[in-house]
Amino acid sequence: MRILQGRNCLAEFGMLMLLSLGFCGTGRADDDAKPTRISTTSVTKPAPNSPVPGLSEREQWLLNRVEQLEKRVEELEAKGHGGSPGVAPAPSNATKEVAGGAHTENPPSTRGSSTAPAITAEGSTNVGFASSLGGVQPGGAPSVQPKQDPTSGAAAATAATNEPQKPIEPFSDADWTWLNGNPRTKEIYWDTKFFTPEIRADTHYVADFNHPTDHSMGGSSELFRTYEVQLEQFGVGGDFHYDNVRARLMTQFGMYSATTPRNDPSPGHGQWTLDTAYRYVSEAYGGYHFNVLHGINVDAGIFMSYIGLFSFYNFDNWAYQPSYVSSNTPWFFNGVRVQIFPTAHLKIEPWFINGWQAYGSANHTPGIGGQIKWTPKPWLNIISNNYGVGQDDLFIPGRRRIHTDNSIEVKYYDNPEKTLDKMAFSLTGDLGCEYGAGVSCYTNKSGGPKQSFVGYMAYNRFWFHRDLFAVTVGGGQINNPGRYLVLIPPINGETAITAATNSPYFTGNPGNPFKAWDTSFTFDYMPKQYITFRAEYDYRHASVPYWSGAGGITPPGGNNGSPQFFTCSNGTSSGQTSLGPAETACGGGLSSVWFPDLRKNESFIDLAIMVKF
């Protein structure tokens, strides 16, 4: 090495070399492909060797230190690596359906399957930790690095040592945040090896043009009050993960804690008030990840339903009020699921569950079902959900339900440099029926009135200015004779349990017709990935009076606690399930009986602020 003359020049040169070689040391690798990092605090200060005239003792030490570092670099280069292994790039996105003992960024919380990259506490992709685990979690971020060029980077280092590459994480080699039903967050501020947090807040204001006097809306599993600011849902929780053992918890406070249990009839079968036990829990399960194929997960507890494509959490969706196919189908299941990933683009997920959106079983027979998810291209997502066997009509043993729900999502335009930077559509179709105990899937000749469900919904979304703004247009239609999936309006405090006994004002009896269609226009402003400001207009129509009118759906003086009976005009219960006896009990004449104000049409504007961390 050339010896510099002059103290200042030598000191500056020595410090520069220390910094440069320090960076180089972190990029080199030994035979075990581990990064080499040389610490200046771990080397004892050498004695001056062949001192250079005019140098101080410290400057001589720096010069000797530089020579030692040069020798170390030469030794590493002589081992034949020829350069440092490239750092694997962060996956552009990874599925919520995957991750094993590793942390997850977006746990399974949707009816669809969403995606997001695994993130470290510093906000960068945790490639090293994830690849060491090589597993998959449902609904989590990828724990294995994505596909690599075998001629460069870490893949080249692996090939040089003849070590087999681990399979890529399912759904990790594309960005799936564009999907309807998936959250668009791609980073986590804080994450650890043991826990990945999640926080959600959803608040809205609805202006219903029917102007119900009691501010009560019916026929929706997302909107419940009008002309008020309401907290739809506040959830705190996240994912626990260590050594392939996994668990997830998400709470639900706000309107969801009252309205979601209300639509489940199963607590009426037996004791222990299941709707109270689970009221403040939206997701809670534990399980294990097996490192076979591209991963297998086994989970037990409450997990989100995928039927209907839209997510239970409105932040993840293209629209706030989904069409009937999604709004009338399950939001959650209570049971056991097994997620099998044969390839990086295929998931097969069987379910053994208590029933159709049921904390328990409405009768003796539980339900079975499952999902098949296939992503053959980065712009294409195909999902099929199927359910059967379950006896889900409370107090009607022997009546079984089957249902198939199928969706396709296509991103047909993607140009980030343009003002209109992205376009995609989703199309969902459902078929189902009930059979046995006096009803039939087909015609009246097959054992009773036809009890079936046919529906579809379609949405198209446009993103602008690098996804700062978005517009969604869509809607759908259903035909549900028998009304077994129609949400019974909460007239006089009606619930799924009391409606199973009798619903005097809006019946759900075999043969009762119900047809409906709707459309919506949604505008989103998304200044950050963690927040969405949404404005939406919805119009909904039903073939029979169904939506809340100006008179409202609450009796005079409030609910009287007996929604299964007709109510008198003074607000008291008639104690009668038939109109004639109710008129007599209320004092005579039709005017003595109270009726809710139900309309065939409903239109409203909803404004929402939604946050997800």
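A residue counts as buried under 20% relative accessible area, as exposed over 50%, and as partly exposed in between. The views below are taken from a predicted model.

**View 1. Phe209 in a loop between two strands.** The loop that holds Phe209 runs between strand S1 (195-208) and strand S2 (229-242). Phe209 has a relative accessible area of 39%, so this residue is partly exposed.

**View 2. The aromatic pair of Tyr546 and Trp547.** The count for the model comes to 32 aromatic pairs. One of them joins Tyr546 and Trp547, with ring centres 4.6 Å apart and 70° between the planes. Planes over 60 degrees apart count as edge-to-face, so this pair falls in that group. Tyr546 is buried, at a relative accessible area of 2%, and Trp547 is buried too, at 0%.

**View 3. An aromatic cluster with an arginine over one ring.** Tyr546 and Trp547 form one aromatic cluster together with Tyr324, Phe506 and Phe514. Arg483 lies over the face of Phe506, a member of this cluster. The distance from Arg483 to the ring centre is 4.5 Å.

**View 4. Arg337 over the ring of Phe303.** Here the charged end of Arg337 is placed over the Phe303 ring, 4.8 Å from the ring's centre.

Definitions and conventions: Residues numbered from 1 in each chain as written. Predicted model: local features only at pLDDT ≥ 70, side-chain atom pairs only at ≥ 80, totals over all residues. Heavy atoms only, no water. Phe/Tyr/Trp six-rings, centres within 6.5 Å; stacked < 30°, edge-to-face > 60°. Buried < 20%, exposed > 50% of the residue type's maximum accessible area, 1.4 Å probe, protein only. Lys NZ or Arg CZ within 6 Å of the ring centre and 35° of its normal. Helix = DSSP H or I, 4+ residues; strand = E, 2+ residues; numbered from the N terminus.
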